[in-house]
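This report walks through selected local features of one model, moving from a ligand site to the nonpolar cores and then to individual backbone details.

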Amino acid sequence: MARRSRTKTPIAEQKPAIRKSNFDEVCLGYTIEEGQAEAIRCLQCKNAPCIASCPVMIDIPGFIVAIKEGNMEAAAAVLGKYTNLPAICGRVCPQEKQCEKVCKLGMAKNFEPVAIGKLERLVADWALENQDFTKLIQSDQPKIGKIAVIGSGPSGLTVAGDLAKLNYEVIIYEALHESGGVLTYGIPEFRLPKRIVKKEIESIEALGVTIETNVVVGKTITMEEIINEFDACYISVGAGAPNFMGIPGTALNGVYSSSEYLTRINLMHSYDFPNYDTPIKRSKNVVVIGGGNVAMDAARSAKRLGAEKVSIVYRRSLEELPARIEEYHHSVEEEIEYYWLTNPIEYINNGNGDLNGVKCIEMELGEPDESGRRRPVPIKNSEFIIEADTVIEAIGQGSNKVLLSTFPELKLTKWGYIEADPKTGATSIPGIFAGGDIVTGAATVILAMGAGKVAAVEIDNYVREKKKTPVTTKV
Ligand code: FAD
Ligand code: SF4
């Protein structure tokens, strides 16, 4: 038997000098042989801790052993039991904070954990390439009920796929002209190619799920119409409304929210203007405010659009950086610069309404705040200016009020998210379930999917129960 390597099997990536000027995927993925070499490293633990730390409880040793045996079909079948979006999760899940963090191999001195995410991606990509999802057999039994899903992000797609498998008629209503939520309009092509997102969405449609795009629930159709037509409904409208610093100069030309900047690039293909209609500013000096995945994506996109200098301004230090560590390393390789312990206090006007600098102040870390992280405190008289013609604020998103404002009956949290039981997805209104970022606030793809899985089981219970006892109102 081959010796167990201490380190992960290396994976091919586009070279930084080349990739920083294109939008093609950075990571090129394992070959099957490389995947097998990595699969051999797995200890096949009993009570595998990696399973328990995965929000959708994938049988990780189960699919890894199938890779080791060269049986990709079996590996894909294991994954398919737990997730409808494995090629997406294999690319964007924060494995280093979940399954790989607790991997027993990684606990051994001088050993890296098994590259679980990269193996998931290998299997999922193999399945998308080699299996015909359009041939999935749909049940010819009468449908149990009819469910509306609002929003086609990972949470909505997951609940829809699981309910279709349970033999429900499912319609997803999506406000935008393309489905996928943040997977489509937020995460850039170089991390998550849109052809992968499209293929996995097609595999969910092949289960019988209908997706109606360009339907803004609360405007195009009302919640009342949905309640009258469907047996139950799942709200997964995400947290897509951008937060702003609110500092002087926010209205200057050249100040973007990350939502606008990334949507122009990903959804509207502005990097290919004028072949596509949406323009985007071609900048020289870009400053991105924030330290999460969104900030990394905005900075790395700006670089690819040709900016000479791109800097990230973050008010804490590298230790507290919320972005995936892999994305941070990639950004450094692509010559993104960092101003740690720094906060913007004003955007400077060039006199014509255009941005020409960001006035910042240095920070130091004080006592821990409610999140447990040390609170950044400004250092007096430490102001300085970074030259910039573009600034992109990536400081978090909140709930979008379009639907919520038309449905005041639904109970919200004090932060404006939907109040829902995390164990069931049930809201304050019977028959209305909710999950994903609109319940938790901006979180992760896999947590949004986990909420969808939990809700699918609960919606099934609810509808079966309701159908036993005839009721006068529909939801
Ligand atoms: P969303 O993905 O936001 O989808 C909600 C959908 O609902 C949208 O398509 C929206 O158009 C639609 N909608 C809204 N209102 C209505 C309405 N009234 N009617 C009809 N449709 C409506 N997570 C990770 O795990 N890893 C990452 O690397 C990562 N990177 C990220 C990068 C960026 C730039 C962003 C913004 C987020 C990132 N995240 C990442 C977070 C992750 O994408 C989200 O947590 C996840 O997408 C939430 O899923 P969701 O289904 O709840 O909502
Ligand atoms: Fe394999 Fe690590 Fe999971 Fe153990 S914890 S089964 S070594 S992936």
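## Ligand 2 and its cysteines

A residue is called buried when its relative accessible area is under 20%, and exposed when that value is over 50%. The model is a predicted one, and by this cut-off cysteine 103, at 8% relative accessibility, counts as buried. Cysteine 50 is likewise buried, with a relative accessible area of 10%.

Both Cys50 and Cys103 belong to the surroundings of ligand 2, which also include Cys42, Leu43, Cys45, Ala48, Pro49, Pro61, Lys104 and Ile116. Sorted by class, this shell holds 9 nonpolar residues and 1 charged residue, with no polar ones. A search for disulfides across the whole structure returns 0.

## Nonpolar cores

The largest nonpolar core has 64 residues, of which Ile60, Phe63 and Ile459 touch the most other members. Helix 19 (residues 445–468) supplies the largest share of this core, namely 8 residues.

Once residues up to four places away in sequence are set aside, phenylalanine 63 touches Ile58, Ala75, Val78, Leu79, Ile116, Leu119, Glu120 and Val123.

## Helix 2

Helix 2, which spans residues 32–39, has Gly35, Glu38 and Ala39 as buried residues. Viewed down the helix axis, the buried residues fall within an arc of 100°, and they therefore line one face of helix 2. Their cover includes helix 4 (60–68) and helix 9 (116–130).

## A buried arginine

Arginine 304 lies in helix 15 (residues 293–304) and, at 6% relative accessibility, counts as buried. Apart from neighbours within four places in sequence, arginine 304 is in contact with Arg19, Lys20, Ser21, Asn22, Phe23, Val26, Phe190 and Glu334.

## Backbone details in loops

Phenylalanine 273 and proline 274 are joined by a cis peptide bond, with omega at about 10°; proline 274 sits in the loop between helix 14 (258–266) and strand 9 (285–289).

Positive phi values occur in two residues that are not glycine: methionine 57, at about 55°, and asparagine 110, near 65°.

Note on methods: Residues numbered from 1 in each chain as written. Chains lettered and ligands numbered in written order. Predicted model: local features only at pLDDT ≥ 70, side-chain atom pairs only at ≥ 80, totals over all residues. Heavy atoms only, no water. Buried < 20%, exposed > 50% of the residue type's maximum accessible area, 1.4 Å probe, protein only. Helix = DSSP H or I, 4+ residues; strand = E, 2+ residues; numbered from the N terminus. Arc of directions from axis to C-beta. Contact = heavy atoms within 4.5 Å. Disulfide = S-S within 2.5 Å. Core = buried A, V, L, I, M, F, W, Y, C linked by side-chain atoms within 4.5 Å. Near = heavy atom within 4 Å. Nonpolar A, V, L, I, M, F, W, Y, C, P; charged D, E, K, R; others polar.
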